[in-house]
Amino acid sequence: MSRIGKQPITIPAGVTVTVANANEVTVKGPKGELSRVFQKGISVAVEGSEVRVTRADDSRAQKSYHGLSRTLVKNMIEGVTKGYSKELVIEGTGFKAAVQGNKAILTLGFASPKEYLIPAGCSVTVTGDVNVKVEGIDKEVVGEAAARIRSYYPAEPYKGKGIRYKDEKIRRKEGKTVA
């Protein structure tokens with residue numbers, strides 16, 4: 001058995017987990033609703049106030065999906081109770097961000113500003129023109145949105161300009177020296 005996959009997941013108060021066809025899971029909570037269909041051979045069962053994930057056989061593919069599926073269910077439960085957020089910081093002269101409707105407008109020193117279409121199930125807020133916060137209930141969507149925003153201008157090691165995660169440390173390099 002997978003060490004992670006065999007651990008049961010406790011369901012907190014206010015959250016309902018329903019399973020259809022043994023591998024289609026829907027989680028409802030105070031922040032919203034998430035659903036996911038898992039691989040064939042992975043079955044999810046709700047037993048009282050716990051969720052258990054089991055696999056059909058000991059094939060290599062089933063073993064690899066066992067722990068993954070358990071973690072995905074746990075992330076769904078945590079998402080509908082607490083939610084997820086990623087914070088980004090924009091550094092550089094004249095670099096800033098703004099939100100207009102469902103688009104994030106990023107002014108990053110290019111000839112024209114970059115526009116990022118905010119995905120459904122995710123919200124982006126900007127404070128002080130340089131602090132961007134991406135929030136949502138689906139961990140994958142939040143992480144993907146933050147990574148896409150960061151990919152427009154990742155922080156560079158010489159001046160530190162660009163977009164970085166709030167807790168990310170940029171190793172600075174020394175520039176060229178004139179002999």
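Which residues have the most contacts inside the largest nonpolar core?

1. The model is a predicted one, in which local features need pLDDT of at least 70 and side-chain atom pairs count only at pLDDT 80 or more, while totals for chains, interfaces and linings use all residues. Residues are numbered from 1 along each chain as its sequence is written, and side-chain values use heavy atoms, with hydrogens and water left out.

2. The residues with the most contacts inside the largest nonpolar core, a set of 20 residues, are I90, L108, V132, V134 and I149. A nonpolar core is a set of buried Ala, Val, Leu, Ile, Met, Phe, Trp, Tyr and Cys residues joined through side-chain atoms within 4.5 Å. Buried means under 20% relative accessible area, exposed over 50%, and partly exposed in between (1.4 Å probe, protein chains only). Two or more residues of this core come from each of β7 (84–91), β9 (103–107), β11 (122–127), β12 (131–136) and α2 (139–151); α2 gives the most, with four residues. Helices (H or I, at least four residues) and strands (E, at least two) are DSSP runs, numbered from the N terminus.

3. Apart from neighbours within four places in sequence, V132 is in contact with K86, E87, L88, I90, A97, V124, T125 and V126; contact means heavy atoms within 4.5 Å. A second, separate core of 18 residues includes V44, V51, M76 and I77.

4. Strands β2, β3 and β4 form an open sheet in the order β2-β3-β4, with antiparallel pairing. The edge strands, each pairing on one side only, are β2 (16–20) and β4 (32–37). Neighbouring strands of this sheet are turned by 15° against each other on average, direction ignored. Two strands pair if DSSP finds at least two bridges between them; β3 (residues 24–29) is joined to β4 by six. The bridge partner of G29 in β4 is G32, and V27 stands opposite L34. The hairpin from β3 to β4 passes through two residues.

5. Which strands does helix α1 touch? Helix α1 (residues 60–81) packs on the sheet and touches β2, β3 and β4, and its direction makes about 170° with that of β4. Axes are lines fitted to C-alpha atoms, for helices over the stretch in contact, and angles run from 0 to 180 degrees between N-to-C directions.

6. D129 lies in the loop between β11 and β12. Its phi is near 65°, a positive value in a residue other than glycine. Most residues other than glycine have a negative phi. With a relative accessibility of 43%, D129 counts as partly exposed.

7. F95, F110 and Y153 form one aromatic cluster. Rings of Phe, Tyr and Trp (its six-membered ring) pair if their centres lie within 6.5 Å; planes under 30 degrees apart count as stacked, over 60 as edge-to-face and the rest as tilted. There are two aromatic pairs by this rule. F95 and Y153 are edge-to-face, at 5.2 Å centre to centre and 65° between the planes, and both are buried. F110 and Y153 are tilted, at 5.8 Å and 45°. F110 is partly exposed because its relative accessible area is 39%.

8. The charged end of K114 sits over the ring of F110, 4.8 Å from its centre, and that of K86 over the ring of Y165, at 5.5 Å. The criterion is NZ of Lys or CZ of Arg within 6 Å of the ring centre and within 35 degrees of the ring normal.
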